[in-house]
Amino acid sequence: MAKLPPRLALRAGDSHSPTPVEWLARMGLWIKRDDLSSELYGGNKVRKLEFLLKAARSAGRSRLVTVGAAGSHQVVATAIFGAREGFTVDAVLVPQPSAPHALLNLRVSLAHGLRPHPCPAWSLAPAYLAPHLIGDAYFIPLGGSNVTGSLGFVLAARELAAQVRAGKLPEPQVVVVAMGSGGTAAGLAVGFEEAGLRTRVLGVAVSPPTSVLRHLSRRLAQKTATAIGLSVAAALRAAQRIDVEGGWMGRGYGHASDEGTQAAADAAREGVTLDVTYTAKAFACALACARREAPGAVLYWHTLSTAPLGPLLLNANASDEIPAPLARLFR
Ligand SMILES: Cc1ncc(COP(=O)(O)O)c(C=O)c1O
């Protein structure tokens with residue numbers, strides 16, 4: 001195995017490391033419970049932040065600067081773990097459809113001292129970011145998806161490979177995962193290539209255009225594979241493991257889809273909580289794949305934190321009110 005750069009052990013002390021794999025018999029698919037990746041705030045972001053925050057600290061930076069939708073999981077995770085590790089966190093926030101979950105994310109971010117910079121449109125985000133990317137800033141891109149962030153999922157793929165070797169589950173033919181910025185899928189594809197699994201990665205796009213996302217996630221996989229020292233051929237094979245499904249996003253980012261709503265209700269009966277924006281759509285796709293494939297061939301990788309947000313509000317002396325310029329971001 002390649003030696004990865006150092007990381008902060010943000011999940012240290014958690015009871016779920018490695019995160020469990022479970023067989024959902026009624027649905028005929030496996031689930032990787034990364035919702036339990038941290039007792040403080042789980043899901044996929046904490047795995048990326050372990051490497052990103054360590055890189056920021058090693059570079060001597062004290063301020064994290066990121067960008068995302070107003071209720072983004074990436075922003076809330078950066079606010080929570082950034083504050084815990086002593087960083088100041090700035091975020092350029094862009095509009096998204098209003099949903100209680102998204103509003104709660106923003107309240108938790110603010111409760112952890114996030115310095116928000118509302119921006120009226122995605123196309124203006126680079127201009128809004130520029131003044132903050134000076135001095136002691138460490139930039140964390142959209143979704144935490146660069147080579148450094150993706151290393152978290154190279155490690156996660158090794159974790160799954162060890163669970164396969166230990167007989168906890170059969171080698172999946174395909175891992176289905178929600179895709180926003182592509183770093184989760186990219187890291188998994190690289191880790192599966194490195195571990196010698198045949199497992200493919202199917203990203204379920206939550207916003208268009210699908211072809212761009214396919215290109216970006218494959219390119220990130222290639223760059224990540226090269227960064228950890230895989231051969232050119234292996235890096236190409238890692239990239240080719242990724243495919244992207246564009247048929248599950250409904251009306252687009254942050255809007256509920258009919259299939260997602262149904263999938264969320266089905267998942268709730270199995271004790272699995274899904275969100276409207278990412279995981280309901282990915283789970284709907286995973287269910288459809290499981291119906292097509294041989295029993296046990298599909299693993300759904302759960303990327304949403306289900307750690308309760310309430311304590312994160314109360315502990316941090318939070319206000320119920322979202323200031324008007326931020327409230328206007330929810331449309
Ligand atoms: C719950 C959830 N699942 C999946 C994703 C997508 O991960 P990625 O941006 O690495 O494609 C995100 C990204 O924000 C997310 O919040």
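The legends below accompany close-up views of a predicted model.

**View 1. The two domains of the protein.** The protein is divided into domain 1, made of residues 21-43 + 146-301, and domain 2, made of residues 46-144 + 309-327. The centres of domain 1 and domain 2, taken over C-alpha atoms, are separated by 24 Å.

**View 2. Where domain 1 touches domain 2.** In this view, 22 residues of domain 1 are in contact with 19 residues of domain 2. On the side of domain 1 that touches domain 2, helix 5 (residues 147-165) gives the most, with seven residues. The residues of that side of domain 1 comprise eight nonpolar, 13 polar and one charged.

**View 3. The shell around the ligand.** The ligand is surrounded by 17 residues, of which the closest are His73, Gly143, Gly180, Thr184 and Thr303. Two or more residues of this shell come from each of helix 2 (73-84), strand 7 (174-179) and helix 6 (183-195). By type, the shell around the ligand holds four nonpolar residues, 13 polar residues and no charged ones. Because domain 1 and domain 2 both give residues to this shell, it lies between them.

**View 4. The largest nonpolar core.** This core has 100 residues, and those with the most contacts inside it are Val176, Ala189 and Ala286. Helix 10 (residues 279-292) gives the most to the core, with nine residues. Domain 1 and domain 2 both give residues to this core, so it lies between them. In soluble globular proteins, nonpolar side chains tend to be buried together.

**View 5. The surroundings of Ala189.** When residues up to four places away in sequence are not counted, Ala189 touches Val201, Ala221, Ala238, Ala239, Arg241 and Ile242.

Notes: Residues are numbered from 1 along each chain as its sequence is written. This is a predicted model: local features need pLDDT of at least 70, side-chain atom pairs count only at pLDDT 80 or more; totals for chains, interfaces and linings use all residues. A residue is near a molecule or strand if its C-beta atom, placed from the backbone, lies within 6 Å of it. Helices (H or I, at least four residues) and strands (E, at least two) are DSSP runs, numbered from the N terminus. Ala, Val, Leu, Ile, Met, Phe, Trp, Tyr, Cys and Pro count as nonpolar, Asp, Glu, Lys and Arg as charged, and the others, Gly among them, as polar. Domain bounds come from an automatic or database domain assignment. Two residues are in contact if their C-beta atoms, placed from the backbone, lie within 7 Å. A nonpolar core is a set of buried Ala, Val, Leu, Ile, Met, Phe, Trp, Tyr and Cys residues joined through C-beta atoms within 7 Å. A residue is buried if 20 or more other C-beta atoms lie within 10 Å of its own, exposed if 12 or fewer, and partly exposed in between; C-beta atoms are placed from the backbone.
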